[in-house]
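Subject: Structure handover and notes on salt bridges

Hello,

Here is the structure we spoke about. Please open it alongside this email; my notes follow below.

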Amino acid sequence: MAEKQYTEIEKLRLLLTHWLQHNEDHGKEYAKWAAVAREAGESTAAECIEQAVDLLAKADRAFEKALTSIGGPGKGHQHHHHD
């Protein structure tokens, strides 16, 4: 059985969907470590990490707009990206 050939826009939908999930996972981890830094008295480090989390959220909003503009999430997204 031949493997499905994706258009560039279908690939982009899949990538944007993947990036959003990936960023969500990392954002949670970053926030956890910001809290660790803050609890250890490293407020500057915590603030910098928290800034990064905010920037990641801003990037995600841009990715979400891009995804919406091309028709929304890819259907049946799996982590098999083929060129």
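This is a predicted model, in which local features need pLDDT of at least 70 and side-chain atom pairs count only at pLDDT 80 or more, while totals for chains, interfaces and linings use all residues. Residues are numbered from 1 along each chain as its sequence is written, and side-chain values use heavy atoms, with hydrogens and water left out.

Side chains of opposite charge can pair when their charged atoms come close. The structure holds 5 salt bridges (a side-chain nitrogen of Lys or Arg within 4 Å of a carboxyl oxygen of Asp or Glu). Three of them are described here, including how exposed their residues are (buried means under 20% relative accessible area, exposed over 50%, partly exposed in between, with a 1.4 Å probe and protein chains only).

K4 and E10: the closest N and O atoms of this salt bridge are 3.6 Å apart. K4 is partly exposed at 47% relative accessibility, and E10 is partly exposed at 24%.

E24 and K28: here the closest N and O atoms lie 3.3 Å apart. Both residues sit in helix α1 (residues 8-39), and because they are 4 residues apart, about one helical turn separates them. Helices are DSSP runs of H or I with at least four residues, numbered from the N terminus. E24 is partly exposed at 41%, whereas K28 counts as exposed at 54%.

K32 and E29: this salt bridge spans 3.8 Å from N to O. The two residues are 3 apart in helix α1, so about one helical turn lies between them. K32 is partly exposed at 43%, and E29 is partly exposed at 36%.

Regards
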